[in-house]
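Let's take a look at how charged side chains pair up in a protein model. Have the sequence and the 3D view ready.

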Amino acid sequence: MYAVVGCSECSNLWIIEGRSETTQCPRCGSRRPYKRRKKFVETEDADHARDVRASMLANRQGHGDAFAELDSFGTLEDDVSDGVIDDDEYLEESGLDVNEVDAAGERDPRGPTRSGSKKEIIQQALRDLERPTEAEVIEYAGERGVSADDVQDGLEKLTRRGEASESRGRYRLL
């Protein structure tokens with residue numbers, strides 16, 4: 001059971017499904033017993049309830065004639081669902097190869113792939129390389145998407161914090 005009801009406080013119209021003891025206006029929050037709400041229509045059909053509410057709102061704003069020319073909600077929903085095309089069909093109609101688009105989506109040309117944070121990559125470089133120089137760490141991290149400036153800053157922070165040491169231009173983790 002669906003009912004189009006109105007609020008006596010703010011004149012809002014909404015649809016209630018079923019029958020509860022009390023109802024609360026979604027706009028102003030006023031709570032009233034269901035029996036005391038003004039029911040404009042009670043129906044078993046949700047589409048009919050939506051049509052009645054929409055018609056009342058259109059009439060309230062002076063667009064009742066324009067609304068009368070529209071199809072019902074159920075018909076409009078059917079039209080929309082019938083008129084929707086899937087992504088593959090859209091791409092093909094646009095002259096694009098679906099397989100190439102899928103393959104392009106798999107690779108991300110916007111940036112290198114990186115596993116871990118910048119700090120973790122720099123620390124991994126110090127673990128993997130044997131007493132590397134700054135240039136060797138920059139090369140290692142650069143292959144993993146970390147810029148030279150970020151590597152220099154990271155090495156400086158690690159040595160300042162005592163997590164790494166630098167001696168004669170060579171680094172190691174502590």
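## Salt bridges in the model

E156 is partly exposed, with a relative accessible area of 45% (buried means under 20%, exposed over 50%, and partly exposed is in between, using a 1.4 Å probe and protein chains only). E156 and R160 sit four residues apart in helix α8 (residues 148–161), so about one helical turn separates them.

This is a predicted model, where local features need pLDDT of at least 70, side-chain atom pairs count only at pLDDT 80 or more, and totals for chains, interfaces and linings use all residues. Residues are numbered from 1 along each chain as its sequence is written, and side-chain values use heavy atoms, leaving out hydrogens and water.

How many salt bridges does a search of the whole structure find? The search turns up eight, including these:

| Pair | N to O distance |
|---|---|
| R32 and E9 | 2.4 Å |
| R50 and D47 | 2.3 Å |

Helices (H or I, at least four residues) and strands (E, at least two) are DSSP runs, numbered from the N terminus. E9 is exposed, at 52%.

R50 and D47 are three residues apart in helix α1 (residues 46–60). R50 is partly exposed at 26%, and D47 is partly exposed at 24%.

How values were computed
A salt bridge is a side-chain nitrogen of Lys or Arg within 4 Å of a carboxyl oxygen of Asp or Glu.
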